[in-house]
Amino acid sequence: METAFTPFTSFGGGMLIGLSAVMLMLGLGRIFGATGILSGLMFFEDRTELSWRVALAVGMVLSSGLIFLVSGELPQIDIPVSPTMIVIGGVIVGLGSSFGSGCTSGHGVCGLSRLSLRSMVAVPTFMLTAAITVFIIRHVIGG
Amino acid sequence: MRLFFALLTGVVFGLGIAISGMIDPAKVLNFFDVAGTWDPSLAFVMGGAVTVTFTGYRLVWRRSAPIYAARFDLPTNTAIDARLIGGSALFGIGWGIAGFCAGAAIPALGTGRWEVALFLAAVMAGFVLRRFIDAMLQARALA
């Protein structure tokens with residue numbers, strides 16, 4: 001399925017993602033990693049560590065509602081994969097980002113901006129395996 | 001105030017995810033499908049995010065501490081090891097299968113699509129599985 005090339009809104013949206021990463025560093029002194037935030041909701045040591053992650057996650061979920069209030073429609077989502085693939089992919093995403101201590105936001109946005117060597121290894125690694133996976137699914141198996 | 005600031009940060013992140021197109025798995029998978037229906041938009045998301053974060057972090061770090069915490073809490077691990085590389089490789093495979101990562105799925109939950117909840121539940125199962133594997137490896141090392 002084709003999707004429209006959107007360089008301007010994508011860059012603008014990316015700047016907002018960057019702004020939120022800067023806000024979290026300014027306010028709480030933390031890296032904005034979605035994996036860490038999500039796993040922090042499950043495994044936490046004390047309540048002050050849980051509370052800001054809950055607030056952050058609630059804000060993330062509310063943003064779609066805000067878009068609905070302003071534009072009258074929810075963000076467009078097309079899910080071109082089966083529920084089975086969603087589950088398999090999800091478990092592997094959880095396993096991998098937990099072992100690798102980060103994902104697109106933590107290593108990708110924050111890690112690269114900190115010039116972290118670990119992130120400079122992690123990002124090309126997951127970009128490459130994602131591209132290989134999509135190639136195999138769409139052109140080798142699905143071909 | 002601390003929690004309101006975290007909530008607001010989550011909203012800004014979610015808006016960025018939605019506006020940029022990261023929220024849409026069809027668009028994410030097309031970014032990796034160079035040999036097929038390629039959509040390079042997500043490179044612009046990353047460009048926008050890293051530009052703002054790289055600059056913003058350096059401005060924030062001129063302060064002696066964040067607003068609502070005693071100090072900046074940055075990752076100290078610098079090891080380029082099998083966990084980092086293997087975990088990142090796995091994460092990319094899962095991302096390429098499902099088309100979602102945690103950072104895109106949490107804001108997408110606000111659209112009410114059940115597949116998103118399924119994905120996030122699978123990711124959380126992956127976190128638990130990682131802890132289980134680590135516990136097993138540790139027990140084996142001690143035996």
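This report describes the interface between chain A and chain B in a predicted model.

## Basis of the values

Local features require pLDDT of at least 70 and side-chain atom pairs pLDDT 80 or more, while totals for chains, interfaces and linings use all residues. Residues are numbered from 1 along each chain as written, chains are lettered from A in the order of writing, and side-chain values use heavy atoms, without hydrogens and water.

## Extent of the interface

Chain A contributes 103 residues and chain B 108 residues to the contact (heavy atoms within 4.5 Å). The two chains bury about 9,700 Å² between them, 77% of it on carbon and sulfur atoms; buried area is the accessible area (1.4 Å probe) lost by two parts on being put together, summed over both. In chain A, the residues losing the most area to chain B are A:Ile77, A:Phe99 and A:Arg118, together 8% of what that side buries.

Two salt bridges cross the interface of chain A and chain B (a side-chain nitrogen of Lys or Arg within 4 Å of a carboxyl oxygen of Asp or Glu). One salt bridge joins A:Arg138 to B:Asp33, with the closest N and O atoms 2.9 Å apart.

B:Thr53 lies in helix 3 (residues 41–60) of chain B, helices being DSSP runs of H or I with at least four residues, numbered from the N terminus. B:Thr53 is buried, at a relative accessible area of 0% (buried means under 20%, with a 1.4 Å probe and protein chains only). Not counting residues up to four places away in sequence, B:Thr53 touches A:Gly18, A:Ala21, A:Val22, A:Val109, A:Cys110 and A:Ser113.

Definitions and conventions
Helices (H or I, at least four residues) and strands (E, at least two) are DSSP runs, numbered from the N terminus. Buried means under 20% relative accessible area, exposed over 50%, partly exposed in between (1.4 Å probe, protein chains only).
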